[in-house]
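Trainee: I would like to go through the terms used for this model and see what each one rests on.

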Amino acid sequence: MIMPNALCTLRPHFSPTTTTMSLTSTQSLRSDPSTFIPIHPFCNPKGADTILRSSDGVDFYVLRDILSLVSPIFETMFQLPQPNGGSEIPVVVLQERAAQLEMALRFFYPGALRSSPATIRELKQVIDLLISKYDMQSLVPSMRQQLERFQISQPLSVYAIAWTYRWKDVAVAAAKETLKHPLRAPNTEAPPELEDLPAAAYHNLIHYHSCCGQAAQTTINSYTIWEDYAKVVTSVYNKVCLQHSPGIVKFGQEERLAPLWIATYIRVTGLLLSITPETNIYDQSTIYSALSNGTCAKCNQLDELVKVLKVNFPQTLRKEMDKIELKF
């Protein structure tokens with residue numbers, strides 16, 4: 001019997017430093033009763049020359065040449081001396097449970113129906129098994145694509161996994177996606193994937209997120225993006241609308257008078273962007289609250305205001321964001 005452990009543990013009394021192995025007849029270790037039934041082709045013993053047995057006693061019938069082709073770990077294992085004689089198929093006892101083992105095998109085994117993990121936690125188990133434990137480097141592109149499926153919904157977890165495997169482009173893309181969310185949200189638990197992330201890598205992400213937040217707050221307070229609106233709404237040029245209380249907008253080091261509603265909007269939106277740098281400010285409740293206050297014909301120049309929020313601001317912010325680099 002072949003029993004892989006950390007890399008591969010061979011036979012019942014195997015020491016990790018041993019380089020020899022012996023096979024045990026399948027009769028000496030029967031599968032435990034189980035309701036799990038492997039899918040085709042793993043349930044078919046015809047033509048198989050090896051059995052992979054899960055930790056919960058489920059047998060998977062496979063061809064060792066296929067395993068050796070994708071995994072140098074399996075290749076080395078099968079090259080070790082084996083006992084002569086006996087017609088029984090050799091058994092490789094693994095530490096993985098049947099469901100996890102089947103999910104992993106389906107990623108590369110010919111004839112097996114491909115199935116994507118439903119959760120990022122399941123995907124991480126598959127990645128750790130195939131890439132880290134069995135060194136199946138040919139599956140890295142496929143694993144990266146699978147990981148990118150969760151980039152929008154769980155960017156922090158994707159960043160942690162991508163950093164662990166040094167997939168820089170995936171990690172950077174995930175870091176950019178975190179800009180749509182606050183990193184320091186109260187009453188939230190850290191995703192389990194962060195447990196394997198070094199403190200320095202998480203610090204780099206926080207630093208990147210903070211720098212982008214500062215850039216976003218500075219951009220919304222930039223007179224350049226409001227200039228066209230200001231030309232239409234002359235109140236921004238120190239001529240306050242008579243229907244609205246005056247306020248002060250600080251554009252960099254320069255202060256200008258403006259209707260209180262738009263001064264409040266710029267201040268509140270700047271604070272929001274400092275926490276969530278790439279939030280869609282056009283979809284936030286703050287804009288609707290602001291517009292409900294700026295109802296007079298002089299202030300409420302919607303076309304120019306929409307241009308600021310949907311054109312000027314995103315374009316300027318993107319240029320500023322591109323200057324900020326995530327340390328990897």
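Trainee: How much accessible surface does the protein chain have, and what share of it belongs to carbon and sulfur atoms?

Mentor: The accessible surface comes to about 17100 Å², with 53% belonging to carbon and sulfur atoms. Areas are from the Shrake-Rupley method with a 1.4 Å probe, and for residues only the protein chains shown count as cover. This is a predicted model: local features need pLDDT of at least 70, side-chain atom pairs count only at pLDDT 80 or more, and totals for chains, interfaces and linings use all residues. Residues are numbered from 1 along each chain as its sequence is written, and side-chain values use heavy atoms, leaving out hydrogens and water.

Trainee: Why is lysine 133 called buried?

Mentor: Buried means under 20% relative accessible area (1.4 Å probe, protein chains only). Lysine 133 has 12% relative accessibility, so it counts as buried. Of the 328 residues of the protein chain, 45% count as buried.

Trainee: What makes the pairing of lysine 133 with glutamate 96 a polar contact?

Mentor: The term needs a pair of N or O atoms within 3.5 Å; within protein, one must be able to donate a hydrogen and the other to accept it, and residues adjacent in sequence count only if both atoms are side-chain atoms. The two side chains make their polar contact at 2.8 Å.

Trainee: Why is helix α3 described as largely enclosed?

Mentor: Six of the eight residues of α3 (residues 98-105) are buried, so the rest of the structure largely encloses this helix. Among the buried ones are Leu101 and Met103.

Methods. Buried means under 20% relative accessible area, exposed over 50%, partly exposed in between (1.4 Å probe, protein chains only). Helices (H or I, at least four residues) and strands (E, at least two) are DSSP runs, numbered from the N terminus.
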